[in-house]
Amino acid sequence: MASVHESLYFNPMMTNGVVHANVFGIKDWVTPYKIAVLVLLNEMGRTGEGAGPDITLSKLYKLIEESCPQLANSVQIRIKLMAEGELKDMEQFFDDLSDSFSGTEPEVHKTSVVGLFLRHMILAYSKLSFSQVFKLYTALQQYFQNGEKKTVEDADMELASREEGERKMEKEELDVSIREEEVSCSGPLSQKQAEFFLSQQASLLKNDETKALTPASLQKELNNLLKFNPDFAEAHYLSYLNNLRVQDVFSSTHSLLHYFDRLILTGAESKSNGEEGYGRSLRYAALNLAALHCRFGHYQQAELALQEAIRIAQESNDHVCLQHCLSWLYVLGQKRSDSYVLLEHSVKKAVHFGLPYLASLGIQSLVQQRAFAGKTANKLMDALKDSDLLHWKHSLSELIDISIAQKTAIWRLYGRRRPGIGTQLLTRSQSLQVDSTSFRLHWGTMALQQAQMLLSMNSLESVNAGVQQNNTESFAVALCHLAELHAEQGCFAAASEVLKHLKERFPPNSQHAQLWMLCDQKIQFDRAMNDGKYHLADSLVTGITALNSIEGVYRKAVVLQAQNQMSEAHKLLQKLLIHCQKIRNTEMVISVLLSVAELYWRSSSPTIALPVLLQALALSKEYRLQYLASETVLNLAFAQLILGIPEQALSLLHMAIEPILADGAVLDKGRAMFLVAKCQVASAASYDPLKKAEALEAAIENLNEAKNYFAKVDCKEQIRDVVYFQARLYHTLGKTQERNRCAMLFRQLHQELPSHGVPLINHL
């Protein structure tokens with residue numbers, strides 16, 4: 001849930017990804033790169049033909065050569081003569097620059113952009129001491145040597161690529177190399193350069209983290225920037241954001257506190273807002289600290305910091321800050337039964353004070369809470385429709401994405417076989433009026449549609465550096481939904497492709513990587529269980545537990561149960577049941593109850609399983625979890641079959657099988673058809689011979705359908721049980737050839753797979 005409110009972090013240096021840096025004390029510096037630009041401008045002035053952060057010399061040559069090869073050659077010759085000459089050659093160059101302004105028709109006008117740059121550089125150079133001039137000349141020589149070396153390497157690479165016939169290079173790789181080169185040669189940055197660098201990196205961190213510098217490279221550049229100006233507040237804030245990427249709680253806290261300390265020390269806030277600016281820094285410092293502690297799970301420290309922020313905000317009568325505090329109060333207390341009252345109050349206040357972003361986040365959180373409370377789907381969609389109106393009215397593109405991801409999660413929440421990504425990622429278009437019937441039958445199609453809608457959308461937000469806002473949490477959620485949906489239908493190749501794309505878009509060090517990591521681990525676990533490789537599934541439990549402790553404990557119990565370790569599995573399930581009831585995780589409670597019931601009948605105690613299943617069914621109905629309700633009914637039908645009343649079991653099956661066959665997972669479809677066949681055979685025991693033969697033939701057809709479903713998900717254990725049952729039916733019908741074929745297949749699978757302690761097939 002905390003991820004819903006990550007956008008509530010107060011970011012005083014960014015507006016739509018643009019850094020508003022007020023850098024005090026940073027002036028223009030003379031660097032080797034700027035000398036090269038001066039040479040370029042001087043040559044352009046001579047020939048009569050008409051800069052941002054420092055770049056390498058080879059890159060500068062390429063940029064000039066693209067537009068004017070002759071000018072590039074002249075610049076290269078002059079820089080070479082200067083770098084390979086003596087210090088007096090650089091002195092003479094700066095003396096000659098002043099001639100650009102002389103004469104009745106000067107080469108450069110003093111008030112032009114180029115003229116201002118030339119004058120700044122001449123003035124900065126004239127203020128250097130002799131030792132500084134010598135260091136500058138040494139840096140120029142190194143700059144030239146690096147450029148020459150890079151040029152030679154590029155030539156060698158081009159020659160090699162021609163020989164091998166590989167002339168293409170992906171644009172992304174080229175961009176990365178250029179970014180690394182551009183920052184690696186930078187010395188002291190001017191105010192404009194620092195603003196550009198921070199603006200670019202902040203925008204990339206917000207919208208497309210993979211295109212930003214790596215955490216280590218960015219921190220190196222920020223440290224270099226702070227070395228020349230330790231009081232550069234905005235650099236500390238970007239350092240804070242960078243440390244959050246790698247979950248470094250100590251460094252992120254350190255940088256955050258330094259940011260607000262520098263704001264106060266430099267007077268950046270108080271100069272524009274008087275004494276109010278000082279108090280504003282203090283209360284937002286406490287608010288950000290609370291958000292930071294909440295992100296890392298330090299809820300007690302977060303609450304203390306939040307109380308401090310509220311106290312200062314109340315003293316200053318800052319309603320905006322108080323609204324942010326109110327939202328975070330909900331995040332900290334959302335497990336309380338009365339938390340919805342706080343959230344509703346927050347939404348009303350946000351609307352009253354004209355804060356659409358906070359109002360929309362509040363509505364999204366209310367929808368999430370009410371979904372878990374079992375409210376009807378049409379009411380939730382109506383609430384999201386009201387939220388969408390705010391998004392489109394105020395062009396809140398990030399929240400539009402979040403809303404669509406929320407809808408995808410809702411469709412999956414109300415119709416999914418076991419706990420998964422819908423519960424964990426129910427986070428932050430046209431309205432959808434749905435009734436209970438359509439919602440029950442088409443949840444899979446609608447979830448898929450919403451996920452694809454989100455992936456096909458383009459950002460409405462203006463983003464710097466040609467970055468598309470496509471690497472946000474919402475996109476990670478949608479892609480994880482798609483991977484799970486494909487895996488449930490047995491399309492493992494497609495699911496692998498989606499996961500591969502997720503890994504490329506969200507590298508392991510990115511802040512949303514844990515979403516696809518958990519999704520990947522769960523899909524691998526399900527495949528291992530289907531294939532009967534319990535040792536492999538058990539090895540995956542550790543990774544799942546590290547990402548989601550509740551999910552990990554549940555799956556550990558599933559493995560123990562499959563390995564016939566009933567006592568250990570029962571202990572784990574009971575502990576998990578108590579914990580989930582305490583934290584109100586209803587979906588997991590139902591799943592645990594189903595697993596407990598399965599454990600009972602596998603221990604030959606079906607009568608004990610009945611009250612457990614009825615409890616699960618009551619919860620499913622109360623919270624309108626239609627698919628879990630259908631699955632519970634299937635389990636009840638199986639319990640009745642074991643108890644010897646197959647006719648009632650068939651009656652129950654007719655109630656539950658429709659939504660499963662319509663939109664269920666392939667594995668559940670196979671289980672349902674297998675159960676139908678078992679009930680048909682058990683019911684035919686009292687039939688006359690002709691009618692019994694017809695019933696057995698129908699059961700065999702259903703078994704074939706079940707086997708096809710199991711084959712799609714490589715569920716060898718279930719296929720083994722199906723062919724064993726088919727062999728017995730063929731033997732009863734006197735079909736020896738078909739019986740022998742099924743018996744041979746059963747023997748192969750039985751030798752390959754471990755067997756249950758009490759095979760369920762024997763109960764028939």
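The model is predicted, and its chain of 764 residues is 52% buried. The chain holds 36 helices and 2 strands. The mean pLDDT is 78, and 80% of the residues reach 70 or more.

**Confidence along the chain**

- Residues 165-186 have a pLDDT below 50, and this stretch has 24 contacts in the model beyond near neighbours in sequence.
- Over residues 757-764 the pLDDT likewise stays under 50. For these residues the model has 20 contacts beyond four places in sequence.
- Where pLDDT is low, the predicted coordinates should not be read in detail.

**Surface and nonpolar cores**

- The accessible surface of the chain comes to about 35300 Å². Carbon and sulfur atoms account for 53% of that surface.
- The largest nonpolar core has 117 residues. Those that touch the most other members are Leu502, Val592, Leu653, Leu675, Phe710 and Leu729.
- Domain 3 (269-353) and domain 4 (355-418 + 446-454) both contribute residues to this core, so the core lies between them.
- Leucine 502 is in contact with Ala476, Leu479, Cys480 and Trp516, when its neighbours within four places in sequence are left aside.

**Helix H14 and the residue after it**

- Helix H14 covers residues 299-316, which amounts to 18 residues. From its first C-alpha to its last, H14 reaches 25 Å, close to the 26 Å expected at 1.5 Å a residue.
- Which residues of H14 are buried? They are Ala302, Ala305, Leu306, Ala309, Ile310, Ile312 and Ala313.
- An α-helix has 3.6 residues a turn, so residues three or four places apart point the same way.
- Asparagine 317 follows H14 and is found in the loop between H14 and helix H15 (319-333). Its phi is near 60°, a positive value in a residue other than glycine.

**A second residue with positive phi**

- Glutamine 247 has a positive phi of about 60° although it is not a glycine.
- Most residues other than glycine have a negative phi.
- Where does glutamine 247 lie? Glutamine 247 lies in the loop between helix H10 (233-245) and helix H11 (249-266).
- With a relative accessible area of 38%, glutamine 247 is partly exposed, because that value falls between the 20% limit for buried and the 50% limit for exposed.

**Residues brought together from separate parts of the chain**

- Tryptophan 601 is found in helix H29 (residues 586-602). Is tryptophan 601 buried or exposed? Its relative accessible area is 4%, so tryptophan 601 is buried, the cut-off being under 20%.
- The C-alpha atoms of tryptophan 601 and phenylalanine 638 are separated by 9.5 Å, although these residues are 37 residues apart along the chain.
- Arginine 741 belongs to helix H36 (residues 736-752) and is partly exposed, with a relative accessible area of 47%.
- Valine 723 is 18 residues from arginine 741 along the chain, and their C-alpha atoms are separated by 9.0 Å.
- Glutamine 489 has its place in the loop between helix H23 (473-488) and helix H24 (492-505). At 30% relative accessibility, glutamine 489 counts as partly exposed.
- How many residues apart along the chain are glutamine 489 and tyrosine 709? They are 220 residues apart, and their C-alpha atoms are separated by 9.1 Å.
- Glutamine 489 also touches Asp663, Gly664, Ala665, Val666 and Lys669, not counting residues up to four places away in sequence.

Definitions and conventions: Residues numbered from 1 in each chain as written. Predicted model: local features only at pLDDT ≥ 70, side-chain atom pairs only at ≥ 80, totals over all residues. Heavy atoms only, no water. Helix = DSSP H or I, 4+ residues; strand = E, 2+ residues; numbered from the N terminus. Expected span 1.5 Å × (residues − 1). Buried < 20%, exposed > 50% of the residue type's maximum accessible area, 1.4 Å probe, protein only. pLDDT = per-residue confidence, 0-100. Contact = heavy atoms within 4.5 Å. Areas by Shrake-Rupley, 256 points an atom, 1.4 Å probe, with all protein chains shown as cover. Core = buried A, V, L, I, M, F, W, Y, C linked by side-chain atoms within 4.5 Å. Domains from an automatic or database assignment.
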